[in-house]
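Subject: Handover of a structure

Dear colleague,

Please find below the structure that I am handing over to you. I would ask you to look at it before reading my notes.

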Amino acid sequence: QVQLVQSGGGLVQAGGSLRLSCAASGRTFSGNTVGWFRQSPGEEREFVAAITWTLGNTFYADSVAGRFSISRDNAKNTVYLQMNSLKPEDTAVYYCAVRTRNSLLTRAGGYDNWGQGTQVTVSS
């Protein structure tokens, strides 16, 4: 089991930036895929970005490509989501999660462990 602790988030004006962190406690990310998802009220949880821990391959949703960047710090056992050029439509609760089995990496149901979530609000 991997315990995920998130930090970051908050209120920012449109065009601004935020960085979210997801740190593993108890177990490491090694051998797994780490993803970021977001969910707005009344909406389904949607894929944002993912990174494979060993090779560092990254994947992005079309809606955030070019604006968001996912990265990892092996020494700190932490995954980051750098969010730039934020838009009001980016407002949501953001979750990090770990996938430990083979499944479509964009599907939330394929992930086994989840962080507590953090609110990101972008004002216009």
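The notes below concern a sheet and a group of salt bridges.

This is a predicted model, in which local features need pLDDT of at least 70 and side-chain atom pairs count only at pLDDT 80 or more, while totals for chains, interfaces and linings use all residues. Residues are numbered from 1 along each chain as its sequence is written, and side-chain values use heavy atoms, with hydrogens and water left out.

An open sheet is formed by 4 strands in the order β1-β3-β8-β7, with antiparallel pairing. Strands here are DSSP runs of E with at least two residues, numbered from the N terminus, and two of them pair if DSSP finds at least two bridges between them. At the edges lie β1 (3–7) and β7 (68–73), each of which pairs on one side only. Strands β3 (residues 18–25) and β8 (residues 78–83) are joined by 6 bridges; Leu20 has Leu81 in β8 as its bridge partner.

A salt bridge is a side-chain nitrogen of Lys or Arg within 4 Å of a carboxyl oxygen of Asp or Glu; the count comes to 3. Arg38 meets Glu46 at 2.7 Å, N to O, and Asp90 at 2.9 Å. Arg38 lies in strand β4 and Asp90 in the loop between β8 and β9, so this pair ties together parts 52 residues apart in sequence. Asp90 also meets Arg67 at 2.8 Å.

Yours sincerely
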